[in-house]
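Me: I would like to learn how to read the features of this model one by one. Please give me the general idea each time, then the case at hand.

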Protein chains: 2
Amino acid sequence: MKTREIRLERVPPGVPCESDFEIRETTIDALRPGQVLVKNTFLSIDPYTRNRMKSVLKPDDLIPGRCVGEVIQSMNTAFHPGQKVLSACGWREHFVAQSADLQVLDGALGPLQLYLGIAGSPGLTAYVGLLDYGRPRPGETVFISAAGGAVGSLASQIAKFSDCKVIACAGSADKVAWLTEVAGVTAAINYRDVPDLSAEVARLCPEGIDVLFETVGDQKFDALIGHMRPHGRIVLVGLIGRMNDAVSKPGLTNLEAILMNRLTIHGFGVNDHMGRMPEFRAVLKRWIAERRVAWRETIVDDISNAPNAFIGLFSGENFGKMLVRLDPTAEAA
Amino acid sequence: MKTREIRLERVPPGVPCESDFEIRETTIDALRPGQVLVKNTFLSIDPYTRNRMKSVLKPDDLIPGRCVGEVIQSMNTAFHPGQKVLSACGWREHFVAQSADLQVLDGALGPLQLYLGIAGSPGLTAYVGLLDYGRPRPGETVFISAAGGAVGSLASQIAKFSDCKVIACAGSADKVAWLTEVAGVTAAINYRDVPDLSAEVARLCPEGIDVLFETVGDQKFDALIGHMRPHGRIVLVGLIGRMNDAVSKPGLTNLEAILMNRLTIHGFGVNDHMGRMPEFRAVLKRWIAERRVAWRETIVDDISNAPNAFIGLFSGENFGKMLVRLDPTAEAA
């Protein structure tokens, strides 16, 4: 059978563009014993893919990424057609898997694609990153950068569940409205709309920030450091604002604030914490059942649009989890 | 009686110079009930004084600082002439104290001025900063910046006691020789003498740095970040390399290394940990008794030389603890 996949045409020197990717039609051969044929339903679009392009990917490599999908044929007794599976086998419509490539999903948390977002690595990042490394205490002030994204939108709500004052930062009016009205943060800032972010932070956090959950790492980060309260914790979860820089921009200038206020900065990588996934999903299941948690997804259709969806991450076009829907019959969450 | 003290003439805009200070002769009046007259023996010269000049000191203020000395007259039943005391009453030869200003010293650790260096705040900084925040484990690689200073020279030895590979960085051949031959570090780098610090670190730490004990914060810091091993810990103890900058220089550019290697940076302030002093002194007493620990002091005589001693800190003129001897009969340790 024929299927399509996305390969790297060249390593982007700066912001990726469509011509950095190639959509390729390939042929899938008959299964051999032990193999399983999977049809992907949703493909996860994630910022960390940009780092892979810098570090390990070469031209012509398949773009790596997680998908949820369905077994459509099996030569393996452990799998049968109709089973739902999570995998990390790259940007492709169908693929031939070995058992070890597949995690069977029971769908207990809701639509399958939640396992790519709130119930997957982005959700776990928010949960372990904020709670274990940010260690918010009741009454403290938590600042969430990129709060309209897949990770930040959950981190904002976990901070609220921790009985904190939550200041959410996002880049559009609709994200800000959702954060205050649906996610229930204390206040939200549209950073594209305030003339002076530092002044706005000073106004909203006159007592300072205790926990900064940082996923961007651009010049706003340096400004926020200056508003941290003594013994504040910074969880550095991502650097989406710097990923496309050919030459590193100045990063943290305000080292004095780190020393004087005895701040802690933690670089966080969710892959260190995958063993916490069952614990997290059990907590999330309760939150969902109690209707305490909200999420958003931004869906584009057809694998040919995966490169554009990815490029859109860097200008904040995603509201919540950015997904490519590969099966047109699948429904949004 | 007449005595001398040092006051701030103006807040230095950059590197301090002698004319930023004023030596003033003052008169000490007869004691009132409850008061104690102290003659200082040694005055501690510390980098953090530069931050006080930026933040709280105004022209004409007394320069703050710790001293050890002797009670020479007392109108307080808790004190008697001849008692040795530690105080933090500024750069002056004599002063009138209240009980709360004075900590009586028993001299059990050795010469009095040790309480300003290895047995005082610099020693506690090395002890708590390295052990509690650096958390070195046997076999790990610890890098000590400014290892010839009061804090770094002890931190280097504590890292060695922790069964670590210790790489010490200092700015002169005699410091490097002392660090390897007396302090017993694994290797020492004279940063003024290596054409490419990063290449030298790569050569000496091919497996990377686990713990970076950082007291300088200049461009070397940014280079070192790139050599940190995954899950490395950075203890930011001082920023002597940035204190005299009128405008903040670029600080940490390599944020990518913090995220990718899941590093932790701790801003450390010894004042948060003064309650640990008895524990530390008990440990240090044993180390000294066992002749396991070495230290150095750099002594200048006469209070009129305190400004120059202070200025010398920023070019690394101190080897170990920088002290001003106010009593010409006092001996070096």
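Reply: Start with exposure: buried means under 20% relative accessible area, exposed over 50%, and partly exposed in between (1.4 Å probe, protein chains only). A:D272 is partly exposed, at a relative accessible area of 31%. This is a predicted model, in which local features need pLDDT of at least 70 and side-chain atom pairs pLDDT 80 or more, while totals for chains, interfaces and linings use all residues. Residues are numbered from 1 along each chain as its sequence is written, chains are lettered from A and ligands numbered from 1 in the order written, and side-chain values use heavy atoms, without hydrogens and water.

Me: Which salt bridge partner does A:D272 meet?

Reply: General idea: side chains of opposite charge can pair when their charged atoms come close. The rule for a salt bridge is a side-chain nitrogen of Lys or Arg within 4 Å of a carboxyl oxygen of Asp or Glu. By this rule the count is 48 salt bridges over all chains. B:R262 lies in the loop between helix 7 and strand 13 of chain B, and A:D272 in the loop between strand 13 and helix 8 (277-289) of chain A, so this pair joins two chains. Helices (H or I, at least four residues) and strands (E, at least two) are DSSP runs, numbered from the N terminus. The N to O distance between the side chains of B:R262 and A:D272 is 2.8 Å. B:R262 counts as partly exposed, at 21% relative accessibility.

Me: How many salt bridges are counted between chain B and chain A?

Reply: Four salt bridges are counted between chain B and chain A. Polar contacts are a separate count. Such a contact is a pair of N or O atoms within 3.5 Å; within protein, one must be able to donate a hydrogen and the other to accept it, and residues adjacent in sequence count only if both atoms are side-chain atoms. Between chain B and chain A, 14 residue pairs are in polar contact, both residues at pLDDT 80 or more. On the side of chain B that touches chain A, the elements giving two or more residues are strand 12 (228-236), helix 7 (255-260) and strand 13 (264-267) of chain B. Helix 7 of chain B gives the most to that side, with five residues.

Me: What area do chain B and chain A bury between them?

Reply: Buried area is the accessible area (1.4 Å probe) that two parts lose on being put together, summed over both. Chain B and chain A bury about 2300 Å², 61% of it on carbon and sulfur atoms. In chain B, the residues losing the most area to chain A are B:L255, B:E256 and B:L259, together 24% of what that side buries. Contact is a distance rule: heavy atoms within 4.5 Å. The contact takes 28 residues from chain B and 28 residues from chain A.

Me: In which sense do strand 13 of chain A and strand 13 of chain B pair?

Reply: Two strands pair if DSSP finds at least two bridges between them. Strand 13 (residues 264-267) of chain A pairs with strand 13 of chain B in the antiparallel sense, over three bridges. A:I265 stands opposite B:I265 there.

Me: Where does strand 3 of chain B stand, largely enclosed or open?

Reply: In a regular strand the side chains alternate between the two faces of the sheet. Eight of the nine residues of strand 3 (residues 36-44) of chain B are buried, so the strand is largely enclosed by the rest of the structure. Seven bridges join strand 3 to strand 4 (residues 67-74) of chain B, antiparallel. There B:L37 has B:Q73 as bridge partner. Strand 6 (residues 94-97) of chain B is also antiparallel to strand 3, over four bridges. In strand 6, B:H94 is the bridge partner of B:K39. Three antiparallel bridges join strand 3 to strand 15 (residues 321-325) of chain B, where B:L43 stands opposite B:V324.

Me: Are B:E5 and B:R7 buried or exposed?

Reply: B:E5 counts as buried at 5% relative accessibility, and B:R7 is buried at 18%. Their side chains meet in a salt bridge, 2.6 Å from N to O. Elsewhere, salt bridges that share partners join A:R4, A:E93 and A:D302 into one network.
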